[in-house]
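Take a look at the model below. This report covers a pocket and a strand with its partners.

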Amino acid sequence: MAANRATEATEGTKTVEGTRTTGTGGTAAGTHDTYDVIVLGGGPTGENLADRVHAAGLSAVLVEHELVGGECSYWACMPSKALLRPVTARSEARRVPGLPDAAAGPLDAPAVLAHRDAAAAYWKDDGQVRWLDSAGIDLVRGRARLVGPRRVAVDGGRTFTARHAVAVCTGSRPVLPDVPGLAEAKPWTSRDATSAKTVPGRLVIVGGGVVGVEMATAWRALGASVTLLVRGDGLLPRMEPFAGHLVAESLAEAGVFLRTGVEVREVRREAPGGPVTVRLDAGDEIVADELLIATGRAPRTEDLGLETVGLTPGAWLDVDDTLRVTGVPGGWLYGAGDVNHRALLTHQGKYQARIAGAAIAARARGVPLLETDRWGAHVATADRHAVPQVVFSDPEATAVGLTAAEAERAGHRVRVVDYDMGAVAGAFLYAEGYRGRARMVVDADREVLLGATFVGPGVGELLHSATVAVAGEVPIERLWHAVPAYPTISEVWLRLLEAYRGD
C-alpha cells in the first residue's frame, strides 16, 4: 500500500437514498457522467475528501492529470524527508558515546538517493490507484476544467456533472521571481531538488524558508558545496526568531555558506546543463552547478475554468470555514488544501478534506443545521488556530499555534516561558552537547496555551502533545497533572510549567 494513502483502512459505505451512482472503480468512470461529488486533484487532500464523502454514502470521482498521491508523495514530504533522515541520524549518532567512530564517515549518497526513490514509490502511482479502487472511488486521468455550475470537462471530451459538489484540491506550484535570465537558466524548483539523481558539486539556494533550509541541510550532508541566500535577516521567518538562529548556527557548522540581506539581480547560464552564475545586488557573483529557487508558491488554478463560474483564473480560492468557495451561487464549489491559502501543509490539507467531506455529506443529507461552532464537526478551525509544523533540519524546528509576536498582535495579554532543552535529563541521554530551546506562549487571562515552539534534535515527536494542548485549550492547571515520563525529552513540559508557576 502506498505510503501516503488517504486512510489506514477503508470504512464501510452507506447509501444515501436517491444520490448513489454506481461507478466502475479503478481507472475509468465507465459510461456514467453524473456523480454526487467530483474531486479535482488526486493528492492527499483530494484522496481524503473523496474518501470522506464515499464513506458517507456518496458517489465520488477523482480527476488527476499527473500521479495519484500528488506533490507530497513524489516531490515534497516523502522524498525530502527520506533525504533528511540519514542526515539527522548520522548527526545524532556522532554525539552518542560509543558511536562517533562508527558514524564518522561520509554518507553513502547513492544509498540515500536509492532510499529516496523508494520513498517516492519510484514515481509510480500503482499503489495509490489500487487504494482508490479498493475504496470504491473512481479515477479519471486527464486535465479537468469547470464548464459551468457543477459541470466538469476532462480533456478527451468527457463531461461530468456533480449532484452536490465539486471540490478543487489541485494544490500549489513553485513560483519563479521576476529576475532577468532566471527562467532561461532553468533553475531547480522544489521538485528538482527532491528528485535529483546526482549530487551537485556546487548548489546555490535562494530562500530561507522550510524548503531552502531542508534542502541546504540535505544536499550539504550529501557532499554539495551549498550557499544559502536570504533576502531577510534570518531563517524560518514564520517561527520564533530563536528557531532560525539555532538552525543557522548548525548549518554554518556543517559548512553551508549563509548570506542574509541579499537579493538576486541577474542569473546567467551560457549552455544547458552548464554552470550558472548568480549576480547579487551588491554586484558580486556566485558560480554554481545548480540553482534552487525556494521563494514562494502559487495556486494551481490557472487553467481550471474558474472564469465560467465568476472567479479569477490563477487566484487563491476564498472559502468559508466549511471550505465552501465564497461568491459562487448555489454553494456547490469547495476548495481544500493549498488552493485556499489557509495553511500550505499536507496534514492541514488532509484535515480540511475531512471537514469539507463532512460538510458536503451533511448538506447532501439535508441536515438543517451544521455544527459550525468554533471547533464543530463541519468547520475548519485548526488550520487557523492550531497549525503544527516540523522543519526536518538539524536540529529540528517545530511549532504550533501563535508565536509570541503573533499573539500580541492579536490582542492577547501574553506570558512567554522559555527553557533550555539541553538541561533536561532526557536530552543529556539523547546526545552529548544537546542544544535546543523550548517556548510556550500562554494567554495570561485564560491561562491556556496559545502556541509552543521546540528546537532541538528529535523534537518533532514532541509537537503533537503541544498541538493537543493548543487545540484543546487545556488549562495550565490541568497540564500540571499531565506527568511526563522520566527520563524523556518530554520532561521539558514539566520544566516549562514549573517556570510558569514560579516553582
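A pocket here is an open set of points on a 1 Å grid over the protein atoms alone, where a 1.4 Å probe fits, with protein on both sides within 12 Å along at least five of seven lines; lining residues have an atom within 4 Å of a point. The model is predicted: local features need pLDDT of at least 70, side-chain atom pairs count only at pLDDT 80 or more, and totals for chains, interfaces and linings use all residues. Residues are numbered from 1 along each chain as its sequence is written, and side-chain values use heavy atoms, without hydrogens and water.

**The second largest pocket**

The second largest pocket is lined by 19 residues. Ser91, Ser250, Glu253, Ala254 and Asp394 lie nearest its centre. The lining divides into 7 nonpolar, 4 polar and 8 charged residues. Charged means Asp, Glu, Lys and Arg; nonpolar means Ala, Val, Leu, Ile, Met, Phe, Trp, Tyr, Cys and Pro; the others, Gly among them, are polar. Helices H3 (77-93), H7 (210-221) and H8 (241-254) each supply at least two lining residues. H8 gives the most, with 6 residues. Helices (H or I, at least four residues) and strands (E, at least two) are DSSP runs, numbered from the N terminus.

**Strand E20**

Strand E20 (residues 437-443) is largely enclosed by the rest of the structure, because 6 of its 7 residues are buried. Buried means under 20% relative accessible area (1.4 Å probe, protein chains only). E20 has pairings on record below; two strands pair if DSSP finds at least two bridges between them.

| Pair | Sense | Bridges | Facing residues |
|---|---|---|---|
| E20 and E21 (residues 448-456) | antiparallel | 7 bridges | Ala438 and Phe454 |

The hairpin of E20 and E21 has 4 residues between the strands. There, Glu447 takes a positive phi near 55°.

Definitions and conventions:
Buried means under 20% relative accessible area, exposed over 50%, partly exposed in between (1.4 Å probe, protein chains only).
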